[in-house]
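These notebook entries record what I looked up in the structure shown below. I took the pocket, the ligand, the cavity and the salt bridges in turn.

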Amino acid sequence: MAEKVTFKNGKLHVPADPIIPYIEGDGVGQDIWQNAQLVFDRAVEKAYKGSRKIEWLEVLAGKKAFSQSGVWLPDASLEVIKSHLLAIKGPLETPVGGGIRSLNVALRQELDLFACVRPVRYFQGVPSPLKHPEKTDITIFRENTEDIYAGIEWEAGSSQVQKVIEFLQTQMQVQKIRFPESSSIGIKPISIEGSKRLIRSAIDYALAKGLRKVTLVHKGNIQKFTEGGFRKWGYELAQEEYAAELEKGRLVVDDIIADNFLQQILLNPERFDVVALTNLNGDYASDALAAQVGGIGISPGANINYQTGHAIFEATHGTAPDITGQDKANPCSLLLSGCMLFEYIGWKEAADLITAAIEKSFAAGCFTADLAGEAPSYSTSEFAQVLIENL
Ligand code: ATP
């Protein structure tokens, strides 16, 4: 009988037939999920000759949930994900108006998924703006719960902002607000705990993968206590918890100012293995890095709490309403997110089979319309069939 994945003493316990919840997603979610599931199942079958199998459990969220139950993110769905630890999801539409949070953000907050993990690599054959896109092979660890994303801000002209500005001027002796009468004010919390848990996860990931370098990316030259704190606490953590690895040269921790990082990823991307960033810097860097390998439509992502084991693996693109229901969408973002999930549960063989099949298919010029350029393209289902043949 299929069983849940569990987490005890800091370790995942994965049965041979784990139940993994999935959210099909809105828009092209339907087009890509069905095909991706076929590829996942065939890869597992091939890798483990029938001794392992995933029991997929559909969980409702987004438009599908709304049309069936009148709720965008039913409590029951959240409970299923909480109790099964993991889920994989297609893109979700963010309901407009009515004060409803983005579903993606709601899921991250409910499960405290503090690390947004984005591996960025090049696939031969994919159009890229760089001369040597293959030199980029970087995994991003973006902090997911702090920074300006905490949403603490007050609008210019409001009575609240006046209170905040008055407090700053009278109680904190702040004299540097250039236009106090017409400023909005935002607050950026960055904590020791939030920074260290993210940086610890990045270091553990690097060590598990046999990668040496973890780079702290920050703007500490300007924001000394928030961004500078992130840098300082990162070095502290490395000394406190990874002294042996540092000494033996298995680990190198360094840092770089965020603006220089954006130059260096174009000029010398091979300098970086794993990078750890605060939330906003991580947002910019994720898109810039994905774009430079041509991967904006195929990049995978995961949001993970390494302390509880909770993780959601997801397609990073949107719902693509312009091509929904046309069997045209590229399933690779979801497929590669599935590979991250397989790696996370220790089923590396299945992940490697799928990644190799994608490499082989791309190298043979087999692309969905978004990547095919002038060449004839494959539909989502045709592409999935090619992948299955290439497994
Ligand atoms: P949302 O509001 O859900 O973010 P969007 O259309 O604003 O949707 P995306 O869904 O990311 O944003 O789409 C941007 C463009 O990229 C669209 O032209 C879309 O067709 C294309 N696109 C997105 N995902 C894919 C995919 N998996 N395969 C092919 N094209 C895609």
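What volume does the largest pocket have? I read a volume of about 1,200 Å³ for the largest pocket. The model is predicted, so I note that local features need pLDDT of at least 70 and side-chain atom pairs count only at pLDDT 80 or more, whereas totals for chains, interfaces and linings use all residues. Residues are numbered from 1 along each chain as its sequence is written, and side-chain values use heavy atoms, with hydrogens and water left out.

**Entry: pocket.** I worked with a 1 Å grid over the protein atoms alone, on which a pocket is an open set of points with protein on both sides within 12 Å along at least five of seven lines, a cavity is a set where a 1.4 Å probe fits but cannot get out, and lining residues have an atom within 4 Å of a point. Points are joined across faces, edges and corners, and a volume is the space filled by probe spheres set on them. I find 41 residues lining the largest pocket, with Tyr-205, Lys-209, Met-340, Glu-343 and Tyr-344 nearest its centre. Helix α6 gives the largest share of this lining, six residues. Elements supplying at least two residues each include α6 (192-208), α11 (332-344) and α12 (348-363); helices here are DSSP runs (H or I, at least four residues), as are strands (E, at least two), numbered from the N terminus. By class I record 22 nonpolar, eight polar and eleven charged residues in the pocket lining.

**Entry: ligand.** I list His-317, Asp-322, Ile-323 and Asp-370 among the residues surrounding the ligand, each having a heavy atom within 4 Å of it. A polar side-chain atom of Thr-319 lies 2.7 Å from a ligand oxygen atom. A backbone N or O atom of Gly-318 is 2.9 Å from an oxygen atom of the ligand, and one of Asn-330 is 2.8 Å from a ligand nitrogen atom.

**Entry: cavity.** I count one cavity of 30 Å³ or more. The largest cavity has a volume of about 40 Å³, and its lining includes Ile-23, Glu-24, Glu-58 and Lys-64.

**Entry: salt bridges.** I count 20 salt bridges, each a side-chain nitrogen of Lys or Arg within 4 Å of a carboxyl oxygen of Asp or Glu. One of them joins Glu-314 to Lys-89, with the closest N and O atoms 3.0 Å apart. Glu-314 lies in strand β14 and Lys-89 in strand β5, so this pair ties together parts 225 residues apart in sequence.

Note on methods
A polar contact is a pair of N or O atoms within 3.5 Å; within protein, one must be able to donate a hydrogen and the other to accept it, and residues adjacent in sequence count only if both atoms are side-chain atoms. Ala, Val, Leu, Ile, Met, Phe, Trp, Tyr, Cys and Pro count as nonpolar, Asp, Glu, Lys and Arg as charged, and the others, Gly among them, as polar.
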